[in-house]
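I opened the model to go through its packing, its surface and its charged pairs. My entries follow.

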Amino acid sequence: MQQLSRPQPGLSVFFPAYNDSGTIASLVISALHAARELTSDFEIIIVNDGSADATAEIADELARTYPEVRVVHHPRNRGYGGALRSGFAAATRELVFYTDGDAQYDPKEMA
């Protein structure tokens with residue numbers, strides 16, 4: 001009997017980011033590689049929580065460069081809870097993974 005293959009669930013990855021200009025680019029690129037290993041149906045969302053540094057510009061450039069990346073901008077800082085709420089609200093796939101934009105955790109552990 002032939003076994004039917006089940007489609008892989010989609011994956012939303014998001015990063016609450018506040019003044020994370022030094023880490024957000026490498027974090028997103030690492031997450032892109034990790035997500036591609038798991039599924040072809042994924043998105044990466046950066047929640048720029050009113051950063052005062054270059055986080056917004058870097059996030060926008062990542063979104064222009066990688067079609068899987070999009071950015072949610074908060075005009076002013078809403079705090080960690082506000083950034084999490086925005087990330088979960090923006091997620092459109094079945095599974096959701098998030099970690100902080102300061103790259104404290106390695107997205108390769110996503111699996």
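Which residues have the most contacts inside the largest nonpolar core? I looked them up: Val13, Phe15, Val28, Ile44 and Ile46, in a core of 19 residues. A nonpolar core here is a set of buried Ala, Val, Leu, Ile, Met, Phe, Trp, Tyr and Cys residues joined through side-chain atoms within 4.5 Å. Buried means under 20% relative accessible area, exposed over 50%, partly exposed in between (1.4 Å probe, protein chains only).

Ground rules first. The model is predicted, so I note that local features need pLDDT of at least 70 and side-chain atom pairs pLDDT 80 or more, while totals for chains, interfaces and linings use all residues. Residues are numbered from 1 along each chain as its sequence is written, and side-chain values use heavy atoms, without hydrogens and water.

The largest share, 7 residues, comes from α1. Helices (H or I, at least four residues) and strands (E, at least two) are DSSP runs, numbered from the N terminus. Apart from this core I found another, of 6 residues, with Phe14, Val47, Leu84 and Ala90 among them.

I then listed the contacts of Val13 (heavy atoms within 4.5 Å). Leaving out residues up to four places away in sequence, Val13 touches Ala31, Glu43, Ile44, Ile45, Phe97 and Met110.

**Helix α2.** Its buried residues are Thr55, Ala56, Ala59 and Leu62. Down the axis of α2 they fall within an arc of 125 degrees, so they line one face of the helix. The arc is taken over directions from the helix axis to the C-beta atoms. These buried residues pack against β1, α1, β2 and β3 (69–74). On the other side of α2, I see Glu57 and Arg64 exposed.

**Surface patch.** Tyr80, Phe88, Val96 and Tyr98 form a nonpolar patch, with about 370 Å² of accessible area together. Patch residues have over 30% relative accessible area and no salt bridge; like charges are joined within 9 Å, nonpolar side chains (Val, Leu, Ile, Met, Phe, Trp, Tyr) within 5 Å. Areas come from the Shrake-Rupley method with a 1.4 Å probe, and for residues only the protein chains shown count as cover. α3 (79–90) and β4 (95–98) each give two or more residues to the patch. Phe88 sits in α3 and is partly exposed, at 43%.

**Salt bridges.** I count 5 in the structure. The criterion is a side-chain nitrogen of Lys or Arg within 4 Å of a carboxyl oxygen of Asp or Glu.

Asp41 pairs with Arg93, the closest N and O atoms being 2.6 Å apart. Asp41 is in the loop between α1 and β2, and Arg93 in the loop between α3 and β4, 52 residues apart.

Arg70 meets Glu43 at 2.9 Å, N to O. Arg70 lies in β3 and Glu43 in β2, so this pair ties together parts that are 27 residues apart in sequence. Is Glu43 buried or exposed? Glu43 counts as buried, at 5% relative accessibility, whereas Arg70 is partly exposed, at 31%.

Arg93 also bridges to Glu43, at 3.2 Å. Shared partners join Asp41, Glu43, Arg70 and Arg93 into one network.

Asn19 lies in the loop between β1 and α1. Ala103 lies in the segment after β4.
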